[in-house]
Amino acid sequence: MSGNIELLGDTLRRARSENRAALIAYLPAGFPTVDGGIEAVKAVFEGGADIVEVGLPHSDPVLDGPVIQTADDIALRGGVRIADVMRTVREAHEATGKPVLVMTYWNPIDRYGVERFTAELAEAGGAGCILPDLPVQESAGWREHADKHGLATVFVVAPSSKDERLATITEAGSGFVYAASLMGVTGTRESVGEQAADLVRRTRATSDLPVCVGLGVSNAQQAAEVAGFADGVIVGSAFVKRMLDADDHAAALAAVRELAGELARGVRRVS
């Protein structure tokens, strides 16, 4: 069975045709439970997200700040497994018909087996993987299997990336490019900053792939700011924080649905 890289591309093109950025949400699988996490992903889609990244919880999430680390810890203590990540992808995609990716560090895939992981993700209806710590020069094996199964390979670029390095990364990637808006770890911030706009400009000079910006966006105003220069706006910590702060699971679902709605309105206007 082939994965949904084409659905991902169609979704990003449709957003562009509507003269807006796509809203991409991130939530870890298994948080607060496997079933609860699936409900949260559906709620975010219901609120207005175009695409969701499902995080594969990891014990050493080097890119993630304290909010997502807390959620990952809850999921890991709850016994989340890769099979639960695949189930989350499957049920979220089947319920909504929208593209779902997995964001994961390389070590879990390497241990699980690349062929097994890509085959199962495609069978679940996944659109691809975001791989923040897989060096491009070591990615040929992964990309071969991902291409075979119709999955996007999304690499992360940072403001420190030189132009030559950007060209190498974008040539190897597919689906879209994840542009980290600043140096550091995930988390909400007061300002996204000018670094992100410059990084998008430099990345676009190397590739026709859509460029989506993450790290730091937490409200509609920031979403509108980023939507003014990026093809997609990626929001993670703000969703997780809403869930962590909620009094109960019903309130958590209402909170992330509401935030998705606010952000969806944000990407439809330019600040």
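Colleague: Which residues of α2 meet Asp84, Arg87, Thr88, Glu91, Ala92, Ala95 and Thr96 in α4?

Modeller: In this predicted model, the α4 side of the contact consists of Asp84, Arg87, Thr88, Glu91, Ala92, Ala95 and Thr96. The residues of this contact divide into six nonpolar, two polar and five charged. On the α2 side, the residues are Val34, Asp35, Ile38, Val41, Lys42 and Phe45.

Colleague: At what angle do helix α2 and helix α4 pack?

Modeller: Helix α2 covers residues 34–47 and helix α4 covers residues 82–96. Their crossing is right-handed. The axes are 9 Å apart, and the packing angle is about 35°.

Colleague: Which residues of α9 make the contact with α8?

Modeller: The axes of helix α8 (residues 163–172) and helix α9 (residues 194–204) come within 9 Å and cross at roughly 65°. The crossing is right-handed. The contact residues divide into two nonpolar, two polar and two charged. Asp163, Leu166 and Thr170 represent α8, and the α9 residues are Leu199, Arg202 and Thr203.

Colleague: How many residues apart in sequence are the parts that the pair of Trp106 and Trp142 ties together?

Modeller: The structure holds three aromatic pairs. Trp106 and Trp142 form an edge-to-face pair, 6.1 Å centre to centre with 90° between the planes. Because Trp106 lies in helix α5 (residues 106–112) and Trp142 in helix α7 (residues 140–148), the pair ties together parts whose separation in sequence is 36 residues.

Colleague: Are Trp106 and Trp142 buried or exposed?

Modeller: A residue counts as buried under 20% relative accessible area and as exposed over 50%. By that criterion, both Trp106 and Trp142 are buried.

Colleague: Is the aromatic pair of Phe117 and Trp142 stacked, edge-to-face or tilted?

Modeller: Phe117 lies in helix α6 (residues 114–123) and Trp142 in helix α7, so this pair ties together parts that are 25 residues apart in sequence. Both Phe117 and Trp142 are buried. Their rings are 6.3 Å centre to centre, with 55° between the planes. Planes under 30 degrees apart count as stacked and over 60 as edge-to-face, so an angle of 55° makes the pair tilted.

Colleague: Which residues form one aromatic cluster with Tyr112?

Modeller: Trp106 pairs with Trp142, and Phe117 also forms a pair with Trp142. The residues that form one cluster with Tyr112 are Trp106, Phe117 and Trp142.

Colleague: What is the phi of Asn19?

Modeller: Asn19 lies in the loop between α1 (5–17) and β1, and counts as exposed at 70% relative accessibility. Most residues other than glycine have a negative phi. Asn19 is not a glycine, yet its phi is positive, at about 60°.

Colleague: What is the relative accessible area of Gly78?

Modeller: Gly78 lies in the loop between α3 (66–77) and α4. Because residues over 50% count as exposed, Gly78 is classed as exposed, its relative accessible area being 68%.

How values were computed: Residues are numbered from 1 along each chain as its sequence is written. This is a predicted model: local features need pLDDT of at least 70, side-chain atom pairs count only at pLDDT 80 or more; totals for chains, interfaces and linings use all residues. Side-chain values use heavy atoms; hydrogens and water are left out. Axes are lines fitted to C-alpha atoms, for helices over the stretch in contact, and angles run from 0 to 180 degrees between N-to-C directions. Helices (H or I, at least four residues) and strands (E, at least two) are DSSP runs, numbered from the N terminus. A crossing is left-handed if the near helix is turned anticlockwise from the far one by less than a right angle, and right-handed if clockwise. Contact means heavy atoms within 4.5 Å. Ala, Val, Leu, Ile, Met, Phe, Trp, Tyr, Cys and Pro count as nonpolar, Asp, Glu, Lys and Arg as charged, and the others, Gly among them, as polar. Rings of Phe, Tyr and Trp (its six-membered ring) pair if their centres lie within 6.5 Å; planes under 30 degrees apart count as stacked, over 60 as edge-to-face and the rest as tilted. Buried means under 20% relative accessible area, exposed over 50%, partly exposed in between (1.4 Å probe, protein chains only).
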